[in-house]
Amino acid sequence: YLAGLAPARTILILFGPPAAGKGTHGPRVADAYGIPTLSTGDMLRDAVAAGSEVGMQAKAVMESGGLVSDELVAGVIKDRINRDDCA
């Protein structure tokens, strides 16, 4: 890598419809490569359980049967990728 620049990193994203196996294979891939697994559903549930501001907003939407907005999901993702294991 170039002096003063961080080495490049690889990011792997699994896409697929419900029941395609993302939740089954994602953790296996993460374990094999020693990388974190990020799931928006898990992140939203964690935010609700933690009682965070975004979590409480998401909880209200989910309890009413609505879909959580992209803005709220992006906020949860932003918070999560700033943790040390994703840096």
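L44 sits in helix α2, where helices are DSSP runs of H or I with at least four residues, strands are runs of E with at least two, and both are numbered from the N terminus. With a relative accessibility of 10%, L44 counts as buried, a term that means under 20% relative accessible area, with exposed set at over 50% and partly exposed in between, for a 1.4 Å probe and protein chains only. The model is a predicted one, in which local features need pLDDT of at least 70 and side-chain atom pairs count only at pLDDT 80 or more, while totals for chains, interfaces and linings use all residues. Residues are numbered from 1 along each chain as its sequence is written, and side-chain values use heavy atoms, with hydrogens and water left out.

**Surroundings of L44**
- Leaving aside neighbours within four places in sequence, L44 is in contact (heavy atoms within 4.5 Å) with A58, V68, V73 and V76.

**Packing of α2 and α3**
- Helix α2 (residues 40-50) packs against helix α3 (residues 53-63) at an angle of about 110°, and their axes are 7 Å apart; the axes are lines fitted to C-alpha atoms over the stretch in contact, and angles run from 0 to 180 degrees between N-to-C directions.
- The two helices, α2 and α3, are therefore roughly perpendicular to each other, the class for angles of 65 to 115 degrees, whereas under 35 counts as roughly parallel, over 145 as roughly antiparallel and the rest as oblique.
- On the α2 side the contact is made by L44, A47 and V48, and on the α3 side by G55, M56, A58, K59 and M62.
- These contact residues divide into six nonpolar, one polar and one charged, where Ala, Val, Leu, Ile, Met, Phe, Trp, Tyr, Cys and Pro count as nonpolar, Asp, Glu, Lys and Arg as charged, and the others, Gly among them, as polar.

**R80 in α4**
- R80 is found in helix α4 (residues 70-81) and is buried, with a relative accessible area of 11%.
- Not counting residues up to four places away in sequence, R80 touches P36, L38, M43, D85 and C86.

**The whole chain**
- The protein has four helices and zero strands, and buried residues make up 16% of its 87 residues.
- Along its principal axes the C-alpha trace spans about 50 × 30 × 20 Å.
- Among contacts between residues at least 6 apart in sequence, 40% join residues at least 24 apart.
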